[in-house]
Amino acid sequence: MQVDAKLGCQGCRSGKHAFNIAMAFQPILDIVTQRPFAFEALVRGSNGESAATVLSSVTSENRYAFDQQCRVAAIEGAVAAGILETDAKLSINFLPNAVYSPLACIQLTLKTARATKFPTERLIFEFTENEEMTDTEHVKTIIESYTKMGFGTAIDDFGAGHAGLGLLAKFQTDYIKLDMELIRGIEQSMPRRMIVEGVVRIARSLGITVIAEGVETTAEYTVLKELGIRYIQGYLLARPGFMSLPASSFFDDRNTRAA
């Protein structure tokens, strides 16, 4: 594929692969300020079809186009939903294997941000470690390039994939998002608690912010707060809103009970 750092590669400008997608948004809440720190963009079909339905049509041939269209849909959708009226960041999932050249493949994203007046310093790009990293040096290059451009970076589903802590030995992102399997029932599991406590300690030493995702119960929330995790995401706080930025009544309810 031909690549031009200023124009992007040919796949960027091709209409060969078009996906009918929209985005749902789920808040990542700051338990200190009790406000959204960020909203994660979650892919859906244009009529609200599940992520699994959309992802089932992604192949090695159209993966690049899908990644690019998701970025555009995330920014345009968040702006349309009102994110510019907040100070929240926007977290976008990306596919490392769909990034041929970090500088070239970011051009459409930058163009979309300019067109919608979305500040690029409020963008976070997260990738999952669930898929085996076939070229960790390439991923490292992407992370380093995005950092130089002023974006935030995150490892999603941390602790559930092939590499685990090994990824942090090769490169460091701004955030790691703990997989829900580490969170589920943590109040009843000393091993889970000790693992999360250890990850938090390591992350703090590396200057990495920890986000706990998949939080579903007040008991889980309480333990995570005790362990010093400031940023929480999950159904307990708010479910994803299709083409909207959902508010959370979690802290209002807790404050009311404590009054």
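User: Which strands and helices each supply at least two residues of the lining of the largest pocket?

Analyst: This is a predicted model: local features need pLDDT of at least 70 and side-chain atom pairs pLDDT 80 or more, while totals for chains, interfaces and linings use all residues. Residues are numbered from 1 along each chain, and side-chain values use heavy atoms, without hydrogens or water. A pocket is an open set of points on a 1 Å grid where a 1.4 Å probe fits, with protein on both sides within 12 Å along at least five of seven lines, and lining residues have an atom within 4 Å of a point. With helices (DSSP H or I, at least four residues) and strands (E, at least two) numbered from the N terminus, the elements are strand 1 (21–30), strand 2 (35–45), helix 2 (51–55), helix 3 (63–81), strand 3 (89–93), strand 4 (123–128) and strand 5 (152–158).

User: Which residues of the lining lie nearest the centre of the largest pocket?

Analyst: The lining of the largest pocket comprises 38 residues. Nearest the centre of this pocket lie Glu40, Leu42, Leu55, Asn93 and Asp156.

User: How many helices and strands does the protein chain have, and what share of its residues counts as buried?

Analyst: The secondary structure comes to eleven helices and nine strands. Among contacts (heavy atoms within 4.5 Å) with a separation of 6 or more, 69% join residues 24 or more positions apart. The buried share (under 20% relative accessible area; exposed is over 50%, partly exposed in between, with a 1.4 Å probe and protein chains only) of the 259 residues is 50%.

User: What geometry does the aromatic pair of Tyr221 and Phe250 have?

Analyst: Rings of Phe, Tyr and Trp (its six-membered ring) pair if their centres lie within 6.5 Å, with planes under 30 degrees apart stacked, over 60 edge-to-face and the rest tilted. The whole structure holds 14 such pairs. In this one the centres are 4.9 Å apart and the planes make an angle of 70°. The pair is therefore classed as edge-to-face.

User: Which helices does that pair link, and are Tyr221 and Phe250 buried or exposed?

Analyst: Tyr221 belongs to helix 10 (residues 218–226) and Phe250 to helix 11 (residues 250–258), so the pair links distant parts of the chain, 29 residues apart. The relative accessible area is 2% for Tyr221 and 7% for Phe250. The link runs between helix 10 and helix 11, and Tyr221 and Phe250 are both buried.

User: Which residues outside its sequence neighbourhood does Thr136 contact?

Analyst: Thr136 lies in helix 6 (residues 136–148) and is buried at 18% relative accessible area. Its C-alpha atom is 7.8 Å from that of Lys170, 34 residues apart along the chain. Phe171 is also part of a cluster of ring pairs with Phe94, Phe125, Phe127, Tyr146 and Phe151. Leaving aside neighbours within four places in sequence, Thr136 contacts Lys170 and Phe171.

User: Which residues does Thr109 touch, not counting those up to four places away in sequence?

Analyst: Thr109 is in helix 5 (residues 107–116). Its relative accessible area is 2%, so Thr109 is buried. The residues touched are Arg71, Ile75, Leu123 and Phe125.
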